[in-house]
Amino acid sequence: MLDWQIGKIVDIQQATNATRRFFIELSSTQKFEFEPGQFITLDLPIHEQKNKRWRSYSIASAPTDSNIIELVIVLLEGGAGTTYLFNETTIGSELTLRGPLGKFTLPTEIENDLFLVCTGTGIAPFRSMIHHIKNNSLAAKNIYLIYGSRKTEDCLYKDELIELQEKMPNFNYIPCLSRETENQNWYKKGYVHNAYTDIINSNKINEQLRPATFYLCGWKNMVDEAKHTILELGYDKKDIHLELYG
Ligand SMILES: Cc1cc2nc3c(=O)[nH]c(=O)nc-3n(C[C@H](O)[C@H](O)[C@H](O)COP(=O)(O)OP(=O)(O)OC[C@H]3O[C@@H](n4cnc5c(N)ncnc54)[C@H](O)[C@@H]3O)c2cc1C
């Protein structure tokens, strides 16, 4: 198991009403090495019992030569860890953490279309993966980022992802907004499940499914429903990777 280390918060930015971006410097190293999709675990002073103090967060930034990583965290009403992070920490605060951890990572060779399906802060590992693919000019087929949220103002990294879509011809940013009523061409109305189902069906040739790899990230209800739907559509369990937030 990796050792605990100290990280210093070097910046905090309000991203949406309930979500903040935390930038953390790992001063024990010059370059923090991790794979896109991995997470770190924080040991927060919120309980006497060790394992009740641990909260994990996906790394939202792509690997670089630096020792600063970004986390994107939503405040959960009554949540012990997020209440501490939002109310008790500021720029300069130190956090105890360990990582990188986890196997929710890209294959060495990206041979299939990628469906990256998430809601809310579940976008974190995918933002890291997409920037990593672009930064390293990795060969990839179609990449569909299917992002569920309620309204336009809840869309994390919206402008950045729209811009990335313009620069990366194989990258498709597909926000699905459940509480927007107006038709606008940059998002779809409704839930993520309709969006990937439509793409999968329209990509079929002679009724054959196009090979695809699915990454699902976020809260249990969405992840369970997506897994079930993708299996029903005819894909195999081995095509699906999951990161459950709770
Ligand atoms: C591998 C991994 C990566 C994660 N990455 C992120 C991330 O990048 N950003 C992020 O915001 N969170 C992430 N989480 C969730 C995070 O670890 C905490 O669970 C979350 O911040 C709530 O912590 P808390 O102490 O405030 O709430 P707690 O007091 O622990 O929460 C109480 C209960 O609410 C549930 N719950 C928590 N949040 C929600 C929610 N939004 N909707 C529905 N139920 C919820 C929990 O499962 C728990 O049962 C990740 C979790 C895992 C396992």
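Which strands does helix 1 (residues 80-88) lie across? The views below take up this helix first, then the sheet and some local features.

The model is predicted; local features need pLDDT of at least 70 and side-chain atom pairs count only at pLDDT 80 or more, while totals for chains, interfaces and linings use all residues. Residues are numbered from 1 along each chain as its sequence is written, and side-chain values use heavy atoms, with hydrogens and water left out.

**View 1. Helix 1 on the strands.** Helix 1 lies across strand 2 (19-26), strand 3 (39-43), strand 4, strand 5 and strand 6. Helices (H or I, at least four residues) and strands (E, at least two) are DSSP runs, numbered from the N terminus. Helix 1 runs at about 120° to strand 5; axes are lines fitted to C-alpha atoms, for helices over the stretch in contact, and angles run from 0 to 180 degrees between N-to-C directions. Contact means heavy atoms within 4.5 Å.

View 2. Six strands, in the order 4-3-6-1-2-5, make up an open sheet with antiparallel pairing. Strand 4 (54-58) and strand 5 (68-74) are at the edges with a single partner strand each, so one side of each has no neighbour in the sheet. On average, neighbouring strands of this sheet are turned by 40° against each other, direction ignored. Two strands pair if DSSP finds at least two bridges between them. Between strand 1 (residues 5-16) and strand 6 there are four bridges in the antiparallel sense, and Lys8 stands opposite Glu94 in strand 6.

**View 3. Ser61 between strand 4 and strand 5.** Ser61 sits in the loop between these two strands. Its relative accessible area is 12%, so Ser61 is buried (buried: under 20% relative accessible area; exposed: over 50%; partly exposed in between; 1.4 Å probe, protein chains only). The Ser61 side chain reaches the backbone nitrogen of Glu70 at 2.9 Å. Beyond its neighbours within four places in sequence, Ser61 is in contact with residues including Phe34, Ile68, Arg127 and Ser128.

**View 4. Backbone exceptions.** Most residues other than glycine have a negative phi, and most peptide bonds are trans. The peptide bond from Gly99 to Pro100 is cis, with omega near 5°, and Pro100 is in strand 6 (residues 94-101). Tyr157, not a glycine, has a positive phi of about 60°; Tyr157 belongs to the loop between strand 8 (143-149) and helix 3 (158-167) and is buried at 9% relative accessibility. Asn206 also is not a glycine and has a positive phi, of about 50°.

Notes:
A polar contact is a pair of N or O atoms within 3.5 Å; within protein, one must be able to donate a hydrogen and the other to accept it, and residues adjacent in sequence count only if both atoms are side-chain atoms.
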